[in-house]
Amino acid sequence: MYRIIMMVLRLFYKVPFYLFQIWRCGKSDKINFEDAYAYVKRVTMAANKAGRVKIESYGLENIPKENGFVFFPNHQGLYDVLAFLESCPVPFAFVIKKEARNVILLKQVVDALGSLAIDREDIRQSMKVIQQVTEEVKGGKNFLIFAEGTRSKEGNKLLDFKGGSFKSAVKAQCPIVPCALIDAFKPFDEKSIKPVTVKIIYLTPIYYKEYKDMKTIEIAAEVKHRIENAIAGYVG
C-alpha cells in the first residue's frame, strides 16, 4: 500500500490524465487492442519507475510467435499483472476474480484490454467466461489466467493449480505458456518503499499435441511443477 501511495504522489499531476486516457481506450471504438495495450504498457512503465520497481524478464524468446495462446503464471498479489504489462512485448488480456473488478485503475485497464472478471461462486457465469476466453483465443487473442485462483500468501511458494483454469486452453487447443513470478508480492504487500526487483520467467510453451491426452488436473500439476522448478533455479 505504501508503494501505491508513492506511485500516485510521484505521478500526481499525470494520474488524472492517465486514468482518462485508459478509460478512453476502453470506450472508444476507434482505438484498437494493440494501441490500447501499448498505452497501458507505457503507463505501467511510468508507474513502476515512480514506485522504484525494476522488472527483470527472462525467456521472452519462449513467447509463441503467433497469437492465440494463454499465459499461466503463479499468483502472488495485485502487482502481478503489472510485471507482465511492462515485460511482455505482445498484447494480452487477463481474467481476474470479480472482487478485483472495481479496483481503481485496474477497472479501467480491464475495460481497455477487454479483460474478463470471473465469479467462481457462480458456475453459470464461470462457464460463460471460460467459453468467451476459448472463442477469443481461437480468434487470435492472448490471455493471462491465474490457475491458483487466489494469491499465495507464502511468498514464492505456490498453491495448487486448479484444473478448471485450463479448460479454455484445452477447448481452444492453444499453446499454454507457464510463467514464473518471483518476488511479485513485495511491491504492494510489503510495508516498504525500498527499491525492489521482480523477476518474471517465460517458460517453454506446452503445445496441444503434448497435452491433448492429459486431464486438466494433470496439466495443472505439470504447469505448477515447471514453475516451481524455474523459481528454485532463480531463488536462493
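Leaving aside its neighbours within four places in sequence, which residues is phenylalanine 188 in contact with? Contact here means heavy atoms within 4.5 Å, and the partners are Met1, Ile4, Met7, Leu78, Tyr79 and Leu82.

## What you're looking at

This is a predicted model, where local features need pLDDT of at least 70 and side-chain atom pairs count only at pLDDT 80 or more, while totals for chains, interfaces and linings use all residues. Residues are numbered from 1 along each chain as its sequence is written, and side-chain values use heavy atoms, with hydrogens and water left out.

## The whole chain

Let's start with the big picture. The chain has 10 helices and 7 strands; these are DSSP runs numbered from the N terminus, with helices (H or I) of at least four residues and strands (E) of at least two. Its radius of gyration is 17 Å, close to the 18 Å that the globule rule gives for 236 residues, so the chain is as compact as a globular protein of that length. That radius is taken over C-alpha atoms, and the rule is 2.2 Å times the number of residues to the power 0.38. Along the principal axes, the C-alpha atoms fill a box of roughly 55 × 45 × 35 Å.

Of the 236 residues, 52% are buried. Buried means under 20% relative accessible area, exposed means over 50%, and partly exposed is in between (1.4 Å probe, protein chains only). Among contacts with a separation of 6 or more, 74% join residues 24 or more positions apart.

## Two cores

A nonpolar core is a set of buried Ala, Val, Leu, Ile, Met, Phe, Trp, Tyr and Cys residues joined through side-chain atoms within 4.5 Å. The largest one has 47 residues, and Phe71, Phe84, Phe92 and Phe94 have the most contacts inside it. Several elements supply at least two residues each, including helix 2 (15-27), strand 1 (53-58) and strand 7 (196-202). Helix 3 gives the most, with 7 residues. There's also a second, separate core of 31 residues, which includes Leu203, Ile219, Ala220 and Ile227.

In soluble globular proteins, nonpolar side chains tend to be buried together.

## Helix 4, tucked away

Now look at helix 4 (residues 80-87): 7 of its 8 residues are buried, so this helix is largely enclosed by the rest of the structure. The buried ones are Asp80, Val81, Leu82, Ala83, Phe84, Leu85 and Ser87.

Not counting residues up to four places away in sequence, Phe84 touches Tyr37, Phe71, Pro73, Phe92, Leu144, Cys179, Leu181, Ile200 and Tyr202.

Phenylalanine 188 and methionine 1 are 187 residues apart along the chain, yet their C-alpha atoms are separated by 5.4 Å.

Next, find valine 95 in strand 3. Is valine 95 buried or exposed? Valine 95 counts as buried, at 9% relative accessibility. Apart from neighbours within four places in sequence, valine 95 is in contact with Leu116, Ile118, Val129, Val133, Phe143, Leu144, Ile145 and Phe146. Leucine 203 is 108 residues away from valine 95 in sequence and 20 Å away in space, C-alpha to C-alpha.

Last up is lysine 199, in strand 7. Leaving out residues up to four places away in sequence, lysine 199 touches Glu56, Tyr58, Ala180, Leu181, Ile182 and Tyr234.
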